[in-house]
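Here are some exercises to work through with the model open beside you. Try each task before reading its solution.

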Amino acid sequence: MQGLEIKNLTVKVAGKKVVDGMNLCVPAGEVHAIMGPNGTGKSSLSKAIAGHPNYPVESGEILLNGESLVGLSPDEISRKGFFLAFQYPVEIPGVSIANFIRACLNARLPEGQEVNAPEFYRQLREKMVELKMDPKFTSRSVNEGFSGGEKKRCDILQMLMLNPSFAMLDEIDSGLDIDALRIVSESVNKARSHHRGMLLITHYHRLLEYVRPDAVHVMSGGKIVKSGGPELAVELESKGYDWIAG
Amino acid sequence: MSEDKQEQIANLNLDRSTSDFRYAEDYAYDAGVGLNENVVRYISKVKDEPQWILDFRLKALKIFLEKENPTHWASERLDELDYSKIRYYLAKGAKKKKTWEEVPEDVKRTFERLGVPEQERAFLAGVDAQFDSESAYSNMKENLQKDGVIFVDSTEGLKKYPDIFRPWFGKVIAPSDNKFSALNSAVFSGGSFIYVPKGVKVMQPLQAYFRINAESFGQFERTLIIADEGSELMYMEGCTAPKYDTGTLHSAVVELVALKGAKIQYVTVQNWSDNVYNLVTKRGEAAEDAQIRWIDCNIGSGLTMKYPAVVLKGKRARGEVISIALANRGQHQDTGAKMIHLADDTTSNVVSKSVSISDGRASYRGLVYIPGNVKNCRNNTVCDALLVNENSRTDTYPAIECSGENNSVQHEASVSKLSAEQIFYMRQRGLSETEAMSLSVNGFVNDLIKEFPMEYSVELKRLIELEMEGSVG
């Protein structure tokens, strides 16, 4: 299947199951949202899929376009087409955004080959205009001294440039004011395509007003406890999580 | 698109994989193994030196033999260095050449493999290429000769230009300064003598390339640079050697004199193989309104001890040390800076960044001296260390003495560990662990790499990438 499939996945951190027998399927072309209270394993799930060494898969399967990601290194998983926008994007002092993204693109090419530089800069500028980022940001160090909103935009910029087949966006709406949320949402919407699946992690219905999901899932206790259409997000907004998770 | 332009520039080949080659030894002059008065006399005789230099050498030898290794503060690894097993002078006896065609084939091939003639054509005003004890090639662009710029090796300098050479030689750094300045003063050979006349600004850099070819050899180049009033100069040196089983010694003395309003920038990229002891004394004197900048990068050698100094002798003089050190497996980079403020309104700036990889150790030793009889002096020191692995080590030993009126010293130091979350973030974008680490380390030193001439900064980034290979795990 094209898209992301999670089958009976269990992830343990320090002996504790943070993801516990989870099942989820997000076909290419669809956008799904995972909602749920804090500490229910949403970010742990994202790190486990991305191959973070501290979030080892205990059992179960993670398939991207039919290929297993379990046991692969984080960079292999990335190069297979999985992109994670981080809840807290990390600063990389001294490494400019342009150089960083270029290095990441070069890492996808066969040994000895490099991206065409003029074409790269043209695309980079285009995406930055789209995200309403100051072109001067290309020479700024990745996320260093950025506001919360700038960091999120920088992650989305990377997503647009790396063109993954599946993107998981972890609380992309946190720290964004309403204008920034609109800009980021527009870019995410533009990035929707029938080739690409997306999974949004969010606490708030607000994001889903801009990026309308095909399905909404509620995660609790390390697994999906309820799934539905976009209307589920509205319901959660008014009722809270207790009626499901309890 | 300056970054793409940079990539087209030829490599300077300072990396140890491309520089780890050697040619058969075939020397007409060999001072033998070990050090005594006869060795010193032999060197002086082969070089056909005036008596005053022989006297200078013999006096220095006596000081060297009397001084203990400074192991009461420095690494005890100095005690593993056996002075009786070193060869102090090796030369082919051929005269130094002014065209590469005339240079002996194996020596020429060495420097061609290191890319030296290519760089000379590309961006240098002059080159001196030293092979073991003696300079094999030396040339400078014609316009500089017309301007009266002198760029020769130390032997030619002391013989041909004694009026300029002698008043300054051994004055900035006396033989008795330390054990290694005494050693160098006794057996020195090669290195550059540069004089830039009043008001002459040398726009392109002059470069020296120091190459050790022979095993168990000691290279003792001696450099004296005099920038006359209002003149400007940038000098760059690169150092490599093949890897041998036995230790090799490199012990240079570099004296800089910046007269009133002159500017000297001295750039070093040191990438000796890791069994070379690199024990170097570097000091400059800055007169009124003069500026001296040491831009220093130490990547190679097993033990480096080097603390470039500026003595600020005239009002408003400025001294600067920009320093990058990479200490990889088994290496100890013991580097630092000394700023001696002896006049009013003098300023100094030290920025040091070190990276310790594997069990490598980087130490910063600093001295800032501002006595009570001067006023309005400023020093700013920033010293950042990055530890890559769990067993990496760094130390800082700042010595600050500041008194007097309206003088200030600022010292900031930081130690950070390569962040696992940062590496994960970068790997999530598709970079391998090694690529992520080397990009991260390059980022850490990036602001200092920009201080190097572009040709060197490109090379440095590549050298750092090479160092990071094999540092994973």
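Two strands pair if DSSP finds at least two bridges between them; helices (H or I, at least four residues) and strands (E, at least two) are DSSP runs, numbered from the N terminus. The model is predicted: local features need pLDDT of at least 70 and side-chain atom pairs count only at pLDDT 80 or more, while totals for chains, interfaces and linings use all residues. Residues are numbered from 1 along each chain as its sequence is written, and chains are lettered from A and ligands numbered from 1 in the order in which they are written.

**Exercise 1.** Find the bridge partner of R293(B) in β18(B), then place its strand in the sheet.

Solution. Step one: R293(B) has E320(B) as its bridge partner in β18(B). Step two: β15 (residues 291–298) and β18 (residues 318–327) of chain B run parallel and are joined by 8 bridges. Step three: in chain B, the order β4-β3-β7-β10-β13-β15-β18-β20-β22-β24 makes an open sheet of 10 strands with mixed pairing. Step four: look at the edges, where β4 (134–140) and β24 (408–417) of chain B have a single partner strand each, so one side of each lacks a neighbour in the sheet.

**Exercise 2.** Which strands does helix α13 of chain B touch as it packs on the sheet?

Solution. Contact here means that C-beta atoms, placed from the backbone, lie within 7 Å. Helix α13 (residues 454–468) of chain B touches β10 (232–240), β13 (263–270), β15 and β18 of chain B. The direction of α13 makes about 30° with that of β13(B); axes are lines fitted to C-alpha atoms, for helices over the stretch in contact, and angles run from 0 to 180 degrees between N-to-C directions.

**Exercise 3.** How many residues do domain 1 and domain 2 of chain B each give to their contact?

Solution. Begin with the bounds, which come from an automatic or database domain assignment: domain 1 (13–306) and domain 2 (418–473). Their centres, taken over C-alpha atoms, are 31 Å apart. Domain 1 gives 13 residues to the contact and domain 2 gives 11 residues. On the domain 1 side, α6 (116–123), β13 and β15 of chain B each supply at least two residues.

**Exercise 4.** Which elements of chain B each supply at least two residues of its side touching chain A?

Solution. First, the totals: 21 residues from chain B and 23 residues from chain A form the contact. On the chain B side, α11 (420–428) and α12 (433–449) each supply at least two residues. The largest share of that side, 8 residues, belongs to α12(B).

Methods:
Two residues are in contact if their C-beta atoms, placed from the backbone, lie within 7 Å.
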